[in-house]
Every structure is written in C-alpha cells, then in structure tokens.
Amino acid sequence: MIISRGQRWFNRFNTALLTLLGLTMVLPLLHVIAQSFSNSAAINMGQVYFWPVHFTGANYASILKDPSIWIAFRNSVIITVCGTLINLTATASLAYPLSRQEYAGRKIILILVLITLIFHAPLIPNYLLLKQLKLLDTLWVLMIPTAISAFNLFVMRSFFMNLPNELIDSARIDGCGEMRIVWNVVLPLSKPAMATMGIMYAVANWNTYSAAIYYINNRSLIPLQVRLREMVITDQFGASDSALESALNLSPEGMKMAVIVIATIPIMLVYPFLQKHFIKGMLVGSVKS
C-alpha cells in the first residue's frame, strides 16, 4: 500500500498531537506519585518533578496508620461493589424490555426516562424524599437513588436492539421464559456492553462525593473521597498525625499526594481486566447490524 506524502504528514501530526495529549494526562499523575514518595525537604524546595527525590515511604506509612482512612476505604469498596451490581441489574432489567418491539407502553416509559435525562430533581425535594424513605445516614442513599443512569440505559438499550431477534425467538420456541432468555441468551452476548457500563458505574460510585456531603452525617459512613477532601483541603490527617509528622519530618503536601494515589489506584486496577470488553463496548450502538 502506497502512502502519499500528505498522508504521512497527517499521520505524524496525529502522532504528535496524541502524544502531547497523553503527556498532559500522564505527567500530572507521575508528579503526584513522585511527591508522595519524596521527603519534606525536597518537596518544600520544589525539587520534585516526575521522579521521587530522597525516596521515602513515610508518607504512606503515616496515612495508612490513620483508622479513618481504612473506614472510608471500606465504605467506598462497599458502595462501588454493591452499587455497581445494583446499577447493572436495574439498567439491564429496564433496558431489555424497552428494546423489544412486542412490549406495550415502552414508548411512554422511554419518554419518561428521557425527561429525567433533561430535567433533574431539585436538591431540597430530593432530600425530603430520601428522608421520608429513611435512607439518610445509610450507605443505601448513595446507591439506590442512582440505580439507573438514563444515558447508560439508552446505550444498553441500543446494544440489546442490535441482538438478533432470531435467537430470542428460538429460545421462546424452546420454551424459555423471559428471565431465562435474559440470563442465558441476552447477557452472555452483552459482555462488552456490561463491561463498559460496569466501568462507568464503578468509577462514578468510587468517586461519590457530593451525595455523601448532602445525605450522610455519620462519620463512620463517609466514603473515601470525602475523607480525601478533608485531608487535601483542611490538612486533617487524624488526631495523632501532628506528632508523627513532627517526629518524621513529613510534608503535608507529600501526605496529600499519598492519599490521592491511594484513592486512585484501586479503580485503575479494574481497567486491565476489562480492557478488551471495554474497547468493544465503546462502539455500542455506533454500527447498526
């Protein structure tokens, strides 16, 4: 295949542009990691860029000794795991019937869902509703109200609509009920869509912040992102942290960066296992079969 001179220049331009965009995303993360492993003197003198200076793990040791970090981490894990399962179950359960032509009333439901995508409930009525449901100061308040994302619902519905009708009709002829069709036919064919939705929901659940600020007052139920905000903004590193910081000559900036890394790494570890399905799922609905 012969590539023209213009095409070669175009490819070089794209490579350079994408490299610059990639660096704008990677370099800040490298800077945060470098500071989290550097001592206070190097950080205060501005010597740390993209590689640790005077390597130390004292920042992480100090942070991980704070019991509130582990409590918040536990809450975030529960919210992410349980919340994502609720999200996928609820979204798939509604997306499937909305994708089938034979179900009556689906157009009305689609319009109602579309309205929720355009208009959002005000904070105060939403708060009063959750109070009446006795969900305040529970982890459920961070999972149940956001069980279905309208955008993700439309994406999953689009994927279900592209599944061959012949497979579903054959399953019905064989005597399968709707639940068995969904479990044995639809879901196994929907791994790319489910993986994509799972990642999106998991990231949203892991980063839960504003809802926790509004609806949770119990300190033992706050998620990791709220605790992270307290550490980064107010330098609240725990009751005994000030003495430890003084003894080890720790830098508040280094400890902040360590907290950011701790909060970021777990969700990043999910991507390698779902990367194959995620790439396929990004094309959901883009090609009509």
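Helix axes are lines fitted to C-alpha atoms over the stretch in contact, and angles between N-to-C directions run from 0 to 180 degrees. The model described here is predicted.

**Helix pairs**

| Pair | Angle between axes | Axis separation |
|---|---|---|
| α9 (residues 178-189) and α10 (residues 191-206) | roughly 70° | within 5 Å |
| α5 (residues 106-118) and α7 | about 140° | 9 Å |

The axes of α9 and α10 cross at roughly 70°. Angles of 65 to 115 degrees count as roughly perpendicular, so α9 is roughly perpendicular to α10. On the α9 side the contact involves Leu187, Pro188 and Leu189, which meet Lys191, Pro192 and Met194 of α10. Sorted by class, the residues of this contact are five nonpolar and one charged, with no polar residue.

Helices α5 and α7 pack at about 140°. Angles over 145 degrees would count as roughly antiparallel; α5 and α7 are therefore oblique to each other. Helix α5 contributes Arg106, Leu110, Val113, Leu114, Thr116 and Leu117 to the contact, and α7 contributes Ala150, Phe151, Leu153, Phe154 and Arg157. Eight of the residues in the contact of α5 with α7 are nonpolar, one is polar and two are charged.

**Asn152**

Asn152 lies in helix α7, which spans residues 150-161. Its relative accessibility is 5% and the limit for a buried residue is under 20%, so Asn152 counts as buried. Leaving aside residues up to four places away in sequence, Asn152 touches Thr91, Met197, Met200 and Tyr201.

Methods: Residues numbered from 1 in each chain as written. Predicted model: local features only at pLDDT ≥ 70, side-chain atom pairs only at ≥ 80, totals over all residues. Heavy atoms only, no water. Helix = DSSP H or I, 4+ residues; strand = E, 2+ residues; numbered from the N terminus. Buried < 20%, exposed > 50% of the residue type's maximum accessible area, 1.4 Å probe, protein only. Contact = heavy atoms within 4.5 Å. Parallel < 35°, antiparallel > 145°, perpendicular 65-115°, else oblique. Nonpolar A, V, L, I, M, F, W, Y, C, P; charged D, E, K, R; others polar.
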